Amino acid sequence: MFVALERLKLNETNSVRIPAADLHKQVSAILQGVGTPVDHAEITAKILVSASLRGVDTHGVGNAAGYSRLIENGTYTVPQTVEVISETGTTALLSCGNGIGFIGAHRGMEISIEKAGKTGLGMTTIRDGHHIGMAGYYAMMALEHDMIGIAMTNAVPAVRPALGARSMLGTNPIAFAAPAGEERDFVLDMATSTVASGKIALARRLGVPIPEGWAITAEGEAITEPPGGMGDHWTMNPLGGTREQGSHKGYGLSVMVDILCGVLSGGGFSSQLATGENMTWTMAIDISKFRDVDDFKAMMDDMIRELHATPALPGADGVLVAGDPEADAAEDRTANGVPVENSQYDELRRRAVQLDVEVFI
Ligand SMILES: NC(=O)c1ccc[n+]([C@@H]2O[C@H](COP(=O)([O-])OP(=O)(O)OC[C@H]3O[C@@H](n4cnc5c(N)ncnc54)[C@H](O)[C@@H]3O)[C@@H](O)[C@H]2O)c1
């Protein structure tokens with residue numbers, strides 16, 4: 001049904017399947033090869049492999065070589081210290097130390113979970129950080145504690161405000177995870193633009209067109225040839241696309257992300273960030289402080305089953321709930337290996353050789 005999205009999938013021709021465990025070792029080795037401490041390399045590898053396992057290929061292991069170069073050229077401070085600047089029983093303001101964003105966001109969610117375990121709620125906002133990858137990872141960290149997790153991050157401008165003709169906002173994603181019982185957990189992880197910008201870059205690498213609605217020229221014309229780089233000549237649409245279809249709501253959500261991540265932390269809103277920076281916000285909510293956890297999960301199951309049972313539109317396979325596509329991908333990829341785009345596979349191997357670390361893939 002969704003031809004454009006199908007074209008963006010990795011397949012036997014454009015990718016190579018590798019076992020997740022080998023990818024983890026490779027990513028960790030490359031990061032350690034540029035001086036990342038073992039524990040930080042392991043956390044980063046775990047998050048990147050998790051994204052690749054879940055089919056979020058734009059934010060997975062393929063980016064590891066790029067991060068290693070940013071560490072090598074000093075853009076990321078490594079080793080880094082994640083410092084608590086101020087805190088209360090429920091809140092903390094952290095600095096990611098201008099290091100690997102994954103480490104600050106991970107620590108931020110750990111602190112949110114610790115605080116929620118004591119008081120019911122925990123919230124952190126994290127400044128001085130770089131790319132955190134798949135925001136959903138941090139929200140999902142709450143699930144194993146029977147908590148609801150929320151994570152957001154802002155980024156450099158790639159998206160226009162509703163009615164605007166220039167990029168002013170990042171793709172500023174929102175991730176929300178809530179545990180179910182027998183059904184799969186609800187995991188909404190979405191850019192506040194029509195899609196994450198990585199999907200446009202992926203379409204460009206794969207040589208396939210993008211659907212109308214993802215991006216427009218500065219004159220407002222739809223773009224279907226995926227553009228390269230950023231600039232004033234094109235911009236991405238906020239979620240909704242046109243004013244009639246609700247672009248003002250995607251725009252508003254994006255600014256909300258900027259406020260929690262960038263303004264509350266003091267790290268800066270989208271247009272104040274340098275390329276590759278992400279300021280992040282996390283929250284954990286302890287369900288047991290509100291009601292019996294099993295009752296909560298049973299009601300989640302009822303809701304998810306009802307949604308799945310909705311009659312589908314002609315041509316659609318069926319109604320899904322957020323997190324379903326990624327859980328399906330994870331099942332397949334855990335059993336059959338993780339597809340890595342050909343060019344990124346070559347790049348990872350080359351980088352390992354260049355850094356004189358073991359080649360695992
Ligand atoms: N770090 C950053 O700077 C940054 C910026 C933007 C996006 N991202 C990440 O990019 C990734 C991709 O974002 P995206 O917006 O392109 O995601 P997407 O459009 O592929 O999916 C968004 C959400 O929709 C759900 N979904 C998909 N099909 C569905 C259906 N039929 N019914 C119900 N739910 C459905 C998915 O489970 C997911 O939770 C995310 O992991 C996000 O965190 C990161």
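How many disulfides does a search of the whole structure find? The search finds 0, where a disulfide is a pair of cysteine sulfur atoms within 2.5 Å. This is a predicted model: local features need pLDDT of at least 70, side-chain atom pairs count only at pLDDT 80 or more, and totals for chains, interfaces and linings use all residues. Residues are numbered from 1 along each chain as its sequence is written, and side-chain values use heavy atoms, without hydrogens and water.

- Cys96 is in no disulfide; the nearest cysteine sulfur, in Cys261, is 13 Å away.
- That 13 Å between the sulfurs of Cys261 and Cys96 is too far for a bond.
- Cys96 counts as buried, at 1% relative accessibility.
- Buried means under 20% relative accessible area (1.4 Å probe, protein chains only).
- Cys261 is buried too, with a relative accessible area of 0%.

**Ligand contacts**
- A backbone N or O atom of Gly323 lies 2.8 Å from a ligand oxygen.
- A polar backbone atom of Ala135 is 3.0 Å from an oxygen atom of the ligand.
- For Ala196, a polar backbone atom is 3.1 Å from a ligand oxygen.
- Alone, the ligand exposes 870 Å², and the protein buries 78% of that (Shrake-Rupley method, 1.4 Å probe).

**Shell around the ligand**
- The ligand is surrounded by 25 residues, each with a heavy atom within 4 Å of it.
- The closest are Asp189, Ala191, Lys199, Gly323 and Glu326.
- Strand S7 (186-190) and helix H10 (324-336) each give two or more residues (DSSP runs: helices H or I, at least four residues; strands E, at least two).
- S7 gives the most, with 4 residues.

Notes. Buried < 20%, exposed > 50% of the residue type's maximum accessible area, 1.4 Å probe, protein only. Polar contact = N/O pair within 3.5 Å; in protein donor to acceptor, adjacent residues only side chain to side chain.
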